[in-house]
Amino acid sequence: DKDSLCVSYNLRDSIVVYAENFVGTPYKWGGESTDGFDCSGFVLYVFKKFGIKLPHSSAAMGNLGVNKEKECAETGDIILFKGTQSSGIGHVGIVFDNGGEDLFFIHSSSYRGGGVKISKLSDGYYTQRFVKVVDVIS
């Protein structure tokens with residue numbers, strides 16, 4: 001029907017709707033194409049579609065934008081985690097939804113070999129490694 005064809009998304013919604021197209025794309029170290037993404041390559045690829053240029057480094061992404069409390073994270077914000085091998089930022093994703101009991105994010109995960117998928121922050125693996133949320137849109 002006409003209503004479903006004429007839904008207008010704001011930029012934040014558009015970013016996650018676009019990102020969701022890539023669920024299931026394999027993880028590939030250094031990858032920034034639909035053949036395979038690493039975590040920062042995925043975020044960079046999605047934001048590039050909307051004219052937002054980001055570095056291909058999760059640590060460098062952590063230096064951008066405005067820091068936010070995770071309770072205030074919005075769809076389209078960037079969420080950053082410690083790496084498995086270091087105390088510095090080593091993993092990044094895009095906030096998918098923060099509207100309920102949990103914060104969901106979309107990312108390219110090598111953890112358990114998932115590739116691009118949606119995960120939740122309450123998963124202990126991510127809770128322990130959470131560093132911060134940054135807003136590169138507003």
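Modeller: Let us start with strand β8 (residues 130-135): 5 of its 6 residues are buried, so the rest of the structure largely encloses it. Keep in mind that this is a predicted model.

Colleague: What makes β8 and strand β3 (residues 66-68) a pair?

Modeller: Pairing needs at least two bridges. β3 and β8 have 3 bridges, in the antiparallel sense. One of the contacts puts Val66 with its bridge partner Asp135 in β8.

Colleague: How do you know that strand β4 (residues 78-82) pairs with β8?

Modeller: The cut-off is at least two bridges. β4 and β8 share 4, again antiparallel. Ile79 stands opposite Val133 in β8.

Colleague: Now the rings. How many aromatic pairs are there?

Modeller: The whole structure holds 12 aromatic pairs.

Colleague: Why is the pair Tyr18 and Tyr45 called stacked?

Modeller: Planes under 30 degrees apart count as stacked. The planes of Tyr18 and Tyr45 are at 10 degrees, with ring centres 6.5 Å apart, so the pair is stacked. Tyr18 sits in helix α2 (residues 11-20) and Tyr45 in helix α3 (residues 39-48), 27 residues apart.

Colleague: Why is Tyr18 called buried?

Modeller: Buried means under 20%. Tyr18 has 16% relative accessibility, so it counts as buried. Tyr45 has 22%, so it counts as partly exposed.

Colleague: What makes Arg129 lie over the face of Tyr125?

Modeller: The distance limit is within 6 Å of the ring centre. Arg129 is at 4.3 Å from the ring centre of Tyr125, and lies over its face.

Terms used:
Residues are numbered from 1 along each chain as its sequence is written. This is a predicted model: local features need pLDDT of at least 70, side-chain atom pairs count only at pLDDT 80 or more; totals for chains, interfaces and linings use all residues. Side-chain values use heavy atoms; hydrogens and water are left out. Rings of Phe, Tyr and Trp (its six-membered ring) pair if their centres lie within 6.5 Å; planes under 30 degrees apart count as stacked, over 60 as edge-to-face and the rest as tilted. Helices (H or I, at least four residues) and strands (E, at least two) are DSSP runs, numbered from the N terminus. Buried means under 20% relative accessible area, exposed over 50%, partly exposed in between (1.4 Å probe, protein chains only). A charge sits over a ring if NZ of Lys or CZ of Arg is within 6 Å of the ring centre and within 35 degrees of the ring normal.
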